[in-house]
Amino acid sequence: MRGLVLHKINGSPPARAAMMIGDILGLKIQYKEVNILRAEHLSPEFIKKNPMHTIPLLEDGDLLLADSHAIASYLVNRYGSAEHKRLYPEDLIQRAKVDEKLYFDTGVLFQRFREITFGTFTGRLSGLTAEHIQGLEDSYEILERYLEKNKYLARNELSIADVCAGATVSSLDAVRQIDSEKYPKTHDWLNRMKRESFFEKMNAPGLADYKSTILKFWERNKKSKI
């Protein structure tokens with residue numbers, strides 16, 4: 001049987017989320033870096049495996065999964081110990097709460113990230129616009145309200161929703177820092193996530209790469225408009 005293979009980009013929050021889940025579970029995963037600047041994600045071989053040509057992509061034998069949330073839940077369900085199952089609880093009500101926050105990550109948080117990143121890499125952005133800033137502030141406000149109820153996003157203990165959203169929010173925070181006075185619970189939650197060993201190991205390096213790259217592109221885009 002072939003081992004686990006994860007196609008990833010270090011700067012990608014979804015890829016980092018999948019990497020963190022793998023680290024939490026203690027899984028041995030072969031990582032394959034995808035060079036999107038060389039359009040490796042658009043190669044016939046990659047598209048055959050993932051018609052959406054998105055990152056990350058997990059291979060587990062004949063199984064191919066191309067969504068970080070699907071990857072996270074699959075890995076916990078397939079390889080997690082009884083203790084790890086708490087990350088994605090079997091109780092339907094508790095699981096629904098985790099799913100809700102996963103959809104929030106996909107539908108709101110990641111869309112903010114994508115708008116900024118895509119606009120930057122295509123040369124249209126040389127910094128955040130007022131619209132982007134408002135979108136980020138709105139997202140932080142929603143997070144703050146969620147965290148008024150629980151220590152973590154879905155419940156009072158860590159779940160895969162915190163890992164996935166944590167990867168995204170840390171990237172948003174890199175371009176628009178969370179105001180600790182306006183959003184104290186969100187600020188505290190993200191700092192707690194940053195102190196987790198899996199976060200330091202699997203998220204921090206890619207996050208630093210992302211921030212550095214975005215700032216370089218912003219500077220380059222500014223010069224190209226002069």
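Let's start with alanine 39, which is partly exposed because its relative accessible area is 31%. On that scale, buried means under 20% relative accessible area, exposed means over 50%, and partly exposed is in between, with a 1.4 Å probe and protein chains only. Alanine 39 sits in the loop between β2 (29-33) and α2. Its phi is near 60 degrees, a positive value in a residue other than glycine.

Quick housekeeping: this is a predicted model, where local features need pLDDT of at least 70 and side-chain atom pairs count only at pLDDT 80 or more, while totals for chains, interfaces and linings use all residues. Residues are numbered from 1 along each chain as its sequence is written, and side-chain values use heavy atoms, with hydrogens and water left out. When I say helix or strand, I mean DSSP runs, numbered from the N terminus: H or I with at least four residues for helices, E with at least two for strands.

Okay, next loop, the one between α2 (44-49) and β3, where asparagine 50 has its place. Asparagine 50 counts as buried, because its relative accessibility is 2%. Leaving out residues up to four places away in sequence, asparagine 50 touches Leu57 and Ala66; contact here means heavy atoms within 4.5 Å. Histidine 53 is in the loop between α2 and β3 too, and its phi is positive, near 45 degrees, in a residue other than glycine. Buried or exposed, or in between, for histidine 53? At 33% relative accessibility, histidine 53 counts as partly exposed. Then there's a cis peptide bond joining isoleucine 55 and proline 56, with omega about 10 degrees.

Now helices. How many of the 13 residues of α1 are buried? Eleven are, so α1 is largely enclosed by the rest of the structure. Among them are Pro13, Pro14, Arg16 and Leu25.

Helix α3 (residues 68-79) has twelve residues and reaches 16 Å from its first C-alpha to its last, close to the 16 Å expected at 1.5 Å a residue. That expected span is 1.5 Å times one less than the number of residues. The buried residues of α3 include His69, Ile71 and Tyr74, and the buried residues of this helix pack against β1 (4-8), α1 (13-25), β3 (57-60), β4 (63-65), α4 (92-121) and α6.

Leucine 109 is in helix α4, and is buried, with a relative accessible area of 0%. Its contacts, not counting residues up to four places away in sequence, include Ala165, Thr168 and Leu172. Leucine 109 and leucine 172 are 63 residues apart in sequence, yet 8.3 Å apart in space, C-alpha to C-alpha. Threonine 168 is found in α6, and counts as buried at 2% relative accessibility. Beyond its neighbours within four places in sequence, threonine 168 is in contact with Pro13, Asp105, Leu109, Phe110 and Phe113.

Last one: what does α6 meet in α9? Ser170, Ser171, Ala174 and Val175 in α6 meet Leu207, Tyr210, Lys211, Ile214 and Trp218 in α9.

And from the records: UniProt lists residues 91-224 as "domain: GST C-terminal", in an unreviewed entry. Over residues 91-224 the chain is 76% helix and 0% strand.

Terms used: UniProt positions renumbered as here; feature names shortened; annotations may be inferred.
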